[in-house]
Amino acid sequence: MVVDDHPIWRDAVARDLAEGGFTVVATADGVASARRRAAVVLPDVVVMDMRLSDGDGAQATAEVLAVSPSSRILVLSASDEREDVLEAVKAGATGYLVKSASKQELGDAVWATAEGRAVFTPGLAGLVLGEYRRIAQTGTTDSAGTPTPSLTERETEILRHVAKGLTAKQIATRLSLSHRTVENHVQATFRKLQVANRVELARYAIEHGLDE
Amino acid sequence: MLTAVNQPDPATPLWRAAQVFRLLSCIYALGFQIAVNSELDRRAIGWTLFAVLLAWSALCAFAYLRGFGRRAAWVVAEIVVVVALILSTEFVASDQWAFDNQSWPTTLWATNATISAAILSGPIAGMLAGVAVMIASTIVKGFINYDLGRNATIVIELAVGLAVGMAAQTARRAHAELEQAARLAASHQERERLSRQVHDGAIQVLALVSRRGREIGGDTAELAELAGEQERALRRLVSSADETPVGEETDVGALLRKRASDLVSVSVPAEPVLLDTATAGELYAAAVNALDNVAAHAGPEARAYVLLEDLGDTVTVSIRDDGVGIAEGRLEEAVGEGRVGVAKSIVGRMDWLGGSAKLTTAPGCGTEWELTVPRR
């Protein structure tokens, strides 16, 4: 499923994916239509733009996952939409690709996402790294005692390598780890942010009486 | 009339009020006419002229209310009629009567002309009309009355012309300013909307062109490169607001993002990384030195990766490339050739900032600079 508010892009991405051997089950141009269609077609992978006609990709990510929890979200976005991308990752997106990526890279990324692997760019790694550091600097512990997400040394090391443009394979070689272990570490950094985000949302809901 | 229909006259409320005054002045003139009729020499003509006055007043009220009378010709005509009626005093009454009384058909009614001129053309025109009315009245009386204590007509005429004229002028100016402000706001909004749309559309198409072009390869790849450059330039333009210094501090991330290109990946935190402007500038300059070095020595296909990290007490910029690296002994060789200028300049800058610069390299593995500055 392809979600993009720009028809030229939506069609181009859908065509590329179809040529790459994927089945495009639906396209959507906004948050509401993405949710409606995802609920019906339950897509394996959603290729998500960040700027939509009626909201942003983070919102759409959350709403699609709410109606189709088995879907995996790959964000395909312009390089400068930084905060949004981070929000999408927190909302549950597991991959991020810039729009300048080639057809081949897009196909590979969709496969990887479908297989449950995290797709990331140096840019996203830098964002995630920055987010953990921001969390570490601003709110170490809060009154509710919720564990704030933090990175292990190994995770930090790996994220830094990713941010500096090393591939998972290169990192594995450098750190004498398996390719898969490196990917697992990166995924863990995403997941922890998502969990923290969910906890935060739930706490917000309880504090504001929205859970009833 | 067209003007009245197309563009509402901001003085319209004044015109309406003036016609109410006209009605009242006519009633007053009628009372005066009844009261003094017996004293007039030619009563029949007096009543005839009074009928003319009423008819003219009704016509004026209609013309001004509908809008077609709101022009110079009509107002001049009104002044002429008023002056003529005042001058007719000579004809209907004796000189002695004219001397003893206010001029026929009452100063109050004559003031209508002053008001009309003032509303149409402002305080100067209003006062001039008042003067015209007073001159006519003076001619009738045959002398100039300097005693303002007994005869304040001239003062009242001038004051009415001035006050009503200024009110009309103010109303028009306020209206014009309001209109201009509304126009400005509308055009600003429209520009913003356009720029959003144009930018978004153009950026998307450029991104697509650059992507497709690269896939096709050959000469088209060059076009793709150009499209990609323009795409990035447009993006920077749209989001240029955050590049400006925040007070004494500058976001290093925003500076570094300017260097992003097909061959240079820039990774920065979502939050701005603020350093005092001088430090940020030096750190950025050192990073640019390192990037220039990559472009010059790492090989044409080499990609560079910039990572900015905010560690609280320190800020680190890493510049890594996947180029040919520097072979063992090559660095010494370069020193011998006096070609370590760039490296020296980077180290020098970092020293000056009280930070550190670390270079790691190996043949075939590219080079990596790690620049760290302390936060002061």
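Predicted model: local features only at pLDDT ≥ 70, side-chain atom pairs only at ≥ 80, totals over all residues.
1. Helices (H or I, at least four residues) and strands (E, at least two) are DSSP runs numbered from the N terminus.

2. From H4(B), the residues in contact are B:Ala72, B:Val75, B:Glu78, B:Ile79, B:Val82 and B:Ile86, and from H7(B) they are B:Ala110, B:Ala113, B:Ser116, B:Ala117 and B:Leu120. Contact requires C-beta atoms, placed from the backbone, within 7 Å.

3. Chain B has 14 helices and 7 strands. Of its 376 residues, 38% are buried (20 or more other C-beta atoms within 10 Å of the residue's own, C-beta atoms being placed from the backbone).

4. The contact between the chains takes 29 residues from chain A and 29 residues from chain B. On the side of chain A that touches chain B, helices H1 (7–19), H4 (82–91), H6 (122–138) and H7 (153–163) of chain A each supply at least two residues. The largest share, 11 residues, comes from H6(A).

5. Residues are numbered from 1 along each chain as its sequence is written, with chains lettered from A and ligands numbered from 1 in the order written. Local features need pLDDT of at least 70 and side-chain atom pairs count only at pLDDT 80 or more, while totals for chains, interfaces and linings use all residues.

Conventions
Contact = placed C-beta atoms within 7 Å. Buried ≥ 20, exposed ≤ 12 C-beta atoms within 10 Å, placed from the backbone.
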